[in-house]
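I opened this entry to get my bearings. I started with overall shape, then went on to the chain contact.

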Amino acid sequence: MNNKKSLGAKLVGAPYYLWAAIFTVVPICIVMYYSFTDSNGNFTINNLGQIGAYMDTFILSICLGAVATAICLVIAYPMAFIISQMPASKQRIVLILVMLPMWINLLLRTYSLMNILEDEGIINNILSFLNLPAIHLINTKTAVVIGMVYNFLPYMILPIYTVMSRIETPVLEASKDLGSNWFQTFLRVVFPLSIPGIMSGITMVFVPSVSTFYISQKLGGTMELIGDTIDRQFNRNNDFNSGAALSFILMIMIFICMAVMNKFSDDGEETIVV
Amino acid sequence: MKLSSLWSKMYLILIFILLYAPIAVMVVFSFNSGNSTAVFSGFSLRWYESLFKDRAILNALYNTIILAVLSAIISTVLGTAAAVGISYLAKWQRKIVESVTNIPMMNPDIVTGVSLLLLYVFVGKNLLGNSAVLGFWTVLISHITFNLPYVILSVQPALRGCDTHLSEAARDLGCTPVGAFFRVVLPAISTGILTGFIMAFTLSIDDFVITYFTSGNAFETLPMKIYNMTKMKVKPDINALSTLMVVTILLLLVLINIFEARSNKKQRR
């Protein structure tokens, strides 16, 4: 009886295991296959060898992604804290307000941002109305970072809010009773407890920022991030092998970042337990 | 304390102004009578008119909805079965399955898109002898693939919260294991399944990057259409489209909230 049940139960999951194997595991192997072959299917390491030529693009993507992530963290952290301290009924409304922009397609948000940042866009129209000198924003790194921060800010606010809302008031009161002032309570209690949220916020903002191509196309002008290079290799140059190699490196890079992040957040959790 | 709460209110309001400014701009300029997306010259509905005359947009909207419904249904069925199956696995097996499940969520969209594209091209070229495989079916498969982890992750907590004694009791009372599943376990995890379904549906509607890589030029969803529209410097008809989408989303959110509030009340009773 028991054996029958476990066999049947195992079969329930089988269609998914098959699906995941074919459409998740195999594609990654095929990316590797394309990375290590030329267009005729012969083994080569040239695709990975020419990555050196794209080093600047990789570095630029990482830098802009890192700056955008840092700005998101600085903006989101106080925001998440403020929301977590609100009465529960208000929290719900404020959270919906945080999430609503996420439901609007990234393309539309970015496009609207472009209209705002342009040389003859809304910001400069307002500035000229006030007789102030115009500022040039569009097609600069600043504009791309603004685009990343704007689009991905909710991904930083929500996970930090989630961990903060789990900190119970008695914990904060205990810290106060034991003689900490507000700042010490924050530094020794709230901050360490919020580290897992910070870590998942960082990955949730950093990964899409580093790999974006639409934001840089609309707000960065001719600037090319790693996503743009991959897009160009696949959709204009038809160079699947080099595109695959770039994607493979991007994937490895992000997996390493995630592993480091996970290590940090695990450590964070351990200190909480201790 | 008073002062700090004033500061925090001001901070929240400031961030919300920044978050909503581009959306407000979109809505306002959708009613612009001029061609500009930066100078407002008067109120008009002409962009809405031109939107509803654009067959390609309506067609893209239709494609998007069909795709979202199909991919959400299939991934919900597969994902729910997977969550149940995973709960019976030994620990080491579960670890493997869960790490594979995490891959589409951890990978940047562009890598998922590229890897699926390469799979389709590879299979098309080497196994089917046909290089024009991209289209509706490849997009559907891709959407199911990136939806599945979210469905599984929504169903798993509901399943863990479900009392195993209940289904045992049902079987003691004469239910077959399958009957016990459909009559006892399934109703108990229905909220998790519904959450997974809604998530899959919205993810599918919203996806651009993976569709972009796996559709070829053969199949156009709304985000793809928007991408093609914004390639050039365009007219404000895209703002009209955005406004309609914002209004739809707002209505949906309000409905979901009313629905949730009601079911909460019911539960309290």
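I looked up the radius of gyration first: chain A has 23 Å, while a compact globule of 274 residues would have one near 19 Å. That radius is taken over C-alpha atoms, and the globule rule is 2.2 Å times the number of residues to the power 0.38. The C-alpha trace of chain A spans about 80 × 70 × 30 Å along its principal axes.

I noted that this is a predicted model, where local features need pLDDT of at least 70, side-chain atom pairs count only at pLDDT 80 or more, and totals for chains, interfaces and linings use all residues. Residues are numbered from 1 along each chain as its sequence is written, and chains are lettered from A and ligands numbered from 1 in the order in which they are written.

Next, I checked the fold. Chain A has 12 helices and 0 strands (DSSP runs numbered from the N terminus: H or I of at least four residues for helices, E of at least two for strands).

Then I turned to the contact between the chains. Chain A brings 63 residues and chain B brings 57 residues (two residues are in contact if their C-beta atoms, placed from the backbone, lie within 7 Å). On the side of chain A that touches chain B, α1(A) gives the most, with 22 residues.

Last, I picked A:Glu173. I found it in helix α8 (residues 169-177) of chain A. A:Glu173 and A:Arg109 are 64 residues apart in sequence and 42 Å apart in space, C-alpha to C-alpha.
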